[in-house]
Amino acid sequence: MSEDKPHISSYASSIWILLALLLLTIATVSVTSVNLGPLSVSVAMFIASMKATLVLLYFMHLKFDHKIYRLMMTIVLLLFFAIIILTFLDYSFRIK
Amino acid sequence: MEAIDHNSHAHATPHRDDTASKIGMWLFIFTEILLFGGLFIVYSVYRYYNPVAFHIAGEELNDFVGTLNTIILLISSMTVAMSITAIQKNDKKLALILLYTTLVLGIWFLVNKYFEWGVKFEHGLYPGSVLLPKLGTGDTMFFGLYFMMTGLHALHIIAGMTILGFVIVFIHKNKIGPDKYVFHENAGLYWHLVDLIWIFLFPLFYLIH
């Protein structure tokens, strides 16, 4: 961080985030090995999103940096979700 | 907005704007997110049309290698994050050790990928092979996307390692230091992006059957 008060993440916090990420990895591997049928995609994507949030907030420092980066990231995510929703609205109502 | 306009290091280097260079890096990262995001949508649509073929083809992939590579990348993300902490605390030696560790982990990831792809080639599962068209459209699409997306990701690993190599050189030359590390931060952001993409590639290809 290079703004007024640079936030220095502690080594311990990096280790904690890694442990959380590894636990979530174990969770996703064990959950998907049980056959949940159509649910397994949603569960896997939900856990992946949690991992991504941890990486973005802590490793990529969005939580501590200036809020302009967070704002930009949110806009991009909203754009991406809009594209997903529109694409699937299109394909769901097509006649195969 | 004052915090953006105000540059606390202005006295040391008059023409430096760390916030601007980080915004530039983030803008580049957004283009990468949308690039891979588009590929994820392509994957989802083809999966929606070929559920059975994608299910069976997905079981061909080695879950163990996929999980191992996930763990390797997560650890490498932590070492990069820690190397920035080290440079902020003026611990040059530790920062370098952590960065070299990251490079080793990156190479390990690529070696695993090499063997993983090698097995697929041996089994005749690669775009343009004789076997693949016989298996049907779904399998052709699955393996096309598998090689395309993991290959593009592997290229990003190589690019990320190159950038981290520059960080190492700059730290040796004292061009990166405790009051001047925005290049190091931006390189870290790129490496975390590579990790971020893999976080989604891994369940989509290896786990969901």
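## Exercises on a predicted two-chain model

T25(A) lies in helix α1 of chain A, where helices are DSSP runs of H or I with at least four residues, numbered from the N terminus. The model is predicted, so local features need pLDDT of at least 70 and side-chain atom pairs count only at pLDDT 80 or more, while totals for chains, interfaces and linings use all residues. Residues are numbered from 1 along each chain as its sequence is written, chains are lettered from A and ligands numbered from 1 in the order in which they are written, and side-chain values use heavy atoms, with hydrogens and water left out.

**Exercise 1.** Determine whether T25(A) is buried or exposed, and list what T25(A) is in contact with beyond four places in sequence.

*Solution.* Start with the cut-offs: buried means under 20% relative accessible area, exposed over 50%, and partly exposed in between (1.4 Å probe, protein chains only). T25(A) has a relative accessible area of 1%, so this residue is buried. Next, take contact as heavy atoms within 4.5 Å. Leaving out neighbours within four places, T25(A) is in contact with K51(A) in its own chain and with T67(B), T70(B), L74(B) and F202(B) in chain B.

**Exercise 2.** Describe the contact between chain A and chain B, starting with how many residues each chain gives.

*Solution.* First, the count: 48 residues come from chain A and 51 residues from chain B. Second, the area: about 4600 Å² is buried between the two chains, with carbon and sulfur atoms giving 76%. Here buried area is the accessible area (1.4 Å probe) that two parts lose on being put together, summed over both. Third, the charges: the rule finds one salt bridge across this interface, a salt bridge being a side-chain nitrogen of Lys or Arg within 4 Å of a carboxyl oxygen of Asp or Glu. D65(A) and K22(B) form a salt bridge, their closest N and O atoms 2.5 Å apart. On the side of chain A that touches chain B, α1 (11-33), α2 (39-59) and α3 (67-92) of chain A each supply at least two residues. Of these, α3(A) gives the most, with 13 residues. By class, that side has 30 nonpolar, twelve polar and six charged residues. Ala, Val, Leu, Ile, Met, Phe, Trp, Tyr, Cys and Pro count as nonpolar, Asp, Glu, Lys and Arg as charged, and the others, Gly among them, as polar.

**Exercise 3.** Find how many salt bridges the structure holds over all chains, and work through several of them.

*Solution.* The total is five. D65(A), K22(B) and E185(B) are linked in a network of them. D90(A) and R94(A) also pair, at 2.8 Å from N to O. D90(A) is partly exposed at 36% relative accessible area, and R94(A) is partly exposed at 41%. D18(B) and R16(B) meet at 2.8 Å, N to O, and both are buried. Finally, E116(B) and K113(B) have their closest N and O atoms 3.3 Å apart. Why are E116(B) and K113(B) separated by about one helical turn? Because they are three residues apart in helix α5 (residues 92-122) of chain B. E116(B) counts as buried at 5% relative accessibility, and K113(B) is buried at 4%.

**Exercise 4.** Identify which members of the largest nonpolar core touch the most other members.

*Solution.* A nonpolar core is a set of buried Ala, Val, Leu, Ile, Met, Phe, Trp, Tyr and Cys residues joined through side-chain atoms within 4.5 Å. Among the 82 residues of the largest one, the answer is M60(A), W26(B), F143(B) and F205(B). Helix α8 (residues 182-207) of chain B provides the largest share of this core, 16 residues. Beyond four places in sequence, F143(B) touches residues including A57(B), L61(B), L125(B) and L132(B).
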